[in-house]
Amino acid sequence: MGNFNRYLITAALPYANGPVHIGHLAGCYLPADIYVRYLRAKKADVKFICGSDEHGVPITIKAMKENVTPQDVVDRYHKIIGDSFAAMGISFDIFARTSAPIHHTTASDFFLKMYNDGLFEEKESEQYFDPEKQVFLADRYIIGTCPKCGNDKAYGDQCERCGTSLSPDELINPHSALSNAVPVKKATKHWYMPLQNYEPWLKEWLLEGHKDWKNNVYGQCKSWLDAGLQSRAMTRDSNWGIKVPLPDAEGKVLYVWFDAPIGYISATKELTPDWADYWCKDDTKLVHFIGKDNIVFHCIIFPAMLKAHGGFVLPENVPANEFLNIEGEKVSTSRNWAVWIHDYIKDFPDQQDVLRYVLCATAPETKDNDFTWKDFQTRNNSELVANLGNFVNRTMVLTHKLCGGKVPRLHEEVADDTDKEMLAAFQATKESVEASLEAYRFREAQAGMMDLADQGNKYMQKKEPWILAKAIENIKAGKPAGDYTEADIPALQAKIDNCLHICLQLMANLAILSNPFLPFTSRKICHLLKVVDRMLEWENAGSAKLVSVGYSLREPELLFKKIEDETIAAQVEKLHAGLVKPAAEAAPVAAQPAAPAKAEIQYDDFAKLDLRVGTIIQAEKVEKADKLLKLLVDIGTEQRTVVSGIAMHFNPADIIGKQVTLVANLAPRKMRGIESQGMILMAEDNGKLVFVNPAETVAPGSGVS
């Protein structure tokens with residue numbers, strides 16, 4: 001547990017412009033809840049903080065589309081999101097709102113403190129302006145034709161058809177989403193935070209002080225810092241948000257990424273008058289759970305803000321997850337390609353733990369992962385039903401049948417090595433699960449818990465108490481019972497008692513170990529054993545004295561139920577039936593014809609190429625070269641610098657950890673003064689570039705043949 005006296009755990013504030021889906025749950029809310037439940041079981045002083053992010057462009061766009069006010073939007077979705085989390089057992093201590101007065105006051109005071117300390121730069125710049133609506137336009141309010149694929153519904157920051165990152169200047173025939181007017185450039189004043197001033201401190205605090213952070217987090221931060229930080233505007237032109245608390249700031253609000261993380265502070269203030277203990281005392285451990293798209297804000301910008309303001313603790317860890325795809329495709333809320341939590345609750349009542357289990361088992365902890373309904377069914381039927389549920393049910397049924405429904409005693413005089421090994425596994429499993437939880441390896445931790453259930457099934461199968469009971473029955477009925485005689489009955493019953501006593505103690509251990517992952521199931525097990533919730537305290541795990549001898553148990557009940565093929569087929573059909581095709585897809589631009597094959601070569605020509613799989617470990621833009629990225633690629637035996645013309649297609653931070661195919665024996669070539677030691681292979685589809693890489697992760701340096 002370290003030298004911390006209290007824990008402050010935050011989960012990313014979801015935008016209140018729509019419901020939450022399973023990608024959100026797997027990304028940060030479920031991992032955070034697992035960790036918090038573990039800390040509570042250890043009787044730690046912990047606060048679990050979250051809330052809805054109710055400002056920013058996505059809210060106003062939603063309101064505009066629905067012809068309602070932004071307040072109408074956030075009021076509706078704050079409740080939907082909060083109810084979804086509660087139904088799934090996400091156990092926040094508070095689910096606050098950034099539209100709350102306490103947050104407006106806290107964020108304004110934070111800004112004023114930095115302003116009065118002279119920590120902002122006041123700058124004037126030209127930004128796009130709608131001459132009809134007389135408002136400045138965020139990039140998402142500007143629509144035009146994508147120069148890459150011809151989609152005439154591309155936004156000023158991204159084309160959602162081909163995925164290319166854009167700027168409003170690149171759009172063809174841009175127009176305002178508010179009025180269809182052609183936007184013009186107009187001068188506006190804003191307050192900037194000079195992040196470059198905090199770069200030396202960030203490199204020391206983050207790059208030197210937190211090398212133990214997850215590779216995806218550390219690598220993305222290092223890429224940003226190596227590329228050099230720039231001043232970033234902390235205010236925006238808008239009529240929705242927290243007003244800039246200065247006399248000459250009419251029509252300006254705080255940048256949502258300045259305001260939102262302060263929401264963690266204001267929510268803690270709303271929760272407890274002792275909020276400063278959690279935010280201002282050095283013996284507090286602050287951990288942010290987020291998705292990978294929020295890494296820069298939580299690891300660079302927010303820590304720089306806290307450092308600049310002064311008086312606050314800094315995050316001890318930021319265990320960000322990657323993205324969860326659905327049925328092989330990226331989640332898209334605009335296309336309705338998602339499994340919504342509120343829908344799942346209705347379609348699968350009282351089966352929250354099934355989804356929690358599957359999302360933890362497939363969590364994108366180190367790379368993007370995929371959720372499929374077939375895998376959901378398989379894991380439920382083959383793991384929850386056939387392993388954990390089967391063990392608990394067999395134990396309860398046999399205890400009622402062979403021991404009168406009461407906990408039998410342990411006869412130590414007849415305990416054999418198998419019994420002792422099973423008892424030893426309790427403590428060993430506790431220690432391994434605990435180590436995994438402390439390291440934020442939740443998939444591994446849950447698998448360790450399930451492995452104990454599997455050991456229980458194998459132990460019971462090896463002991464076969466039903467066979468021993470049949471022998472006793474035959475002896476009493478005067479029937480043949482193998483080599484057993486009437487004198488063996490006490491020893492046979494003692495072996496039955498030992499098996500079921502150990503299985504019941506194992507059941508109790510599973511209740512404790514499963515509680516962080518499967519809280520509803522954990523309490524069902526406690527109900528069956530007729531034990532109080534206090535047994536779920538972590539210190540009790542590993543014990544073989546959790547249920548008392550002679551104690552009467554409740555009648556057996558199934559923990560899980562099998563999910564049939566028809567149910568899964570209905571969910572797959574529902575997913576596809578709900579898919580919304582954007583207007584741009586209704587009349588797609590004709591695909592470019594494939595390039596004709598090049599002149600024929602001989603095998604010996606191809607054999608000259610040395611193709612190897614590499615992993616990108618660093619990526620940054622090349623100065624004064626819009627199209628070039630400088631990559632550092634690990635090919636096993638060495639690390640190669642490669643300059644690649646893909647900067648218009650990929651954000652450097654997003655490709656850290658990507659596997660690529662490298663032409664490793666290409667003669668070095670200087671580009672912009674940088675020696676490029678190889679070439680990355682790419683596929684091009686209608687102007688969109690795609691990495692040529694193996695379907696599964698392989699060791700860097702693996703040959704391609």
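Trainee: How many cavities of 30 Å³ or more does the count come to?
Mentor: The count comes to two, where a cavity is a set of points, on a 1 Å grid over the protein atoms alone, at which a 1.4 Å probe fits but cannot get out. This is a predicted model, in which local features need pLDDT of at least 70 and side-chain atom pairs count only at pLDDT 80 or more, while totals for chains, interfaces and linings use all residues. Residues are numbered from 1 along each chain as its sequence is written, and side-chain values use heavy atoms, with hydrogens and water left out.

Trainee: How much space lies in the largest cavity?
Mentor: About 60 Å³, the volume being the space filled by probe spheres set on the grid points, which are joined across faces, edges and corners.

Trainee: And which residues lie nearest its centre?
Mentor: Of the 14 residues that line the largest cavity, those are Ala96, Arg97, Thr98, Gly263 and Ala267, where a lining residue has an atom within 4 Å of a point. The largest share of this lining, four residues, is supplied by α7, and β2 (46-52), β3 (94-97) and α4 (101-116) are among the elements that each give at least two. Helices (H or I, at least four residues) and strands (E, at least two) are DSSP runs numbered from the N terminus.

Trainee: What about the second largest cavity, which element gives the largest share of its lining?
Mentor: That is α1, with four residues, and the volume of this second largest cavity is about 40 Å³. Its lining includes Ala26, Leu30, Asn321, Glu365 and Phe442.

Trainee: Changing topic, which residues does the UniProt "binding site" annotation cover?
Mentor: The unreviewed UniProt entry gives Cys146, Cys149, Cys159 and Cys162. They are spread over 17 residues of sequence, yet they cluster in space, with a largest C-alpha distance of 8.8 Å. UniProt positions are given in the numbering used here, feature names are shortened, and annotations may be inferred rather than shown by experiment.

Trainee: Is Cys146 buried or exposed?
Mentor: Cys146 counts as buried because its relative accessibility is 2%, buried meaning under 20% relative accessible area with a 1.4 Å probe and protein chains only. Cys146 lies in the loop between β6 (142-145) and β7 (154-155).

Trainee: And where does Cys159 lie?
Mentor: Cys159 lies in the loop between β7 and β8 (172-176), and at 0% relative accessibility Cys159 counts as buried. Leaving aside neighbours within four places in sequence, Cys159 is in contact (heavy atoms within 4.5 Å) with residues including Cys146, Cys149 and Thr164.

Key. Buried < 20%, exposed > 50% of the residue type's maximum accessible area, 1.4 Å probe, protein only. 1 Å grid on protein atoms, 1.4 Å probe; cavity = no way out; pocket = protein on both sides within 12 Å on 5 of 7 lines; lining within 4 Å.
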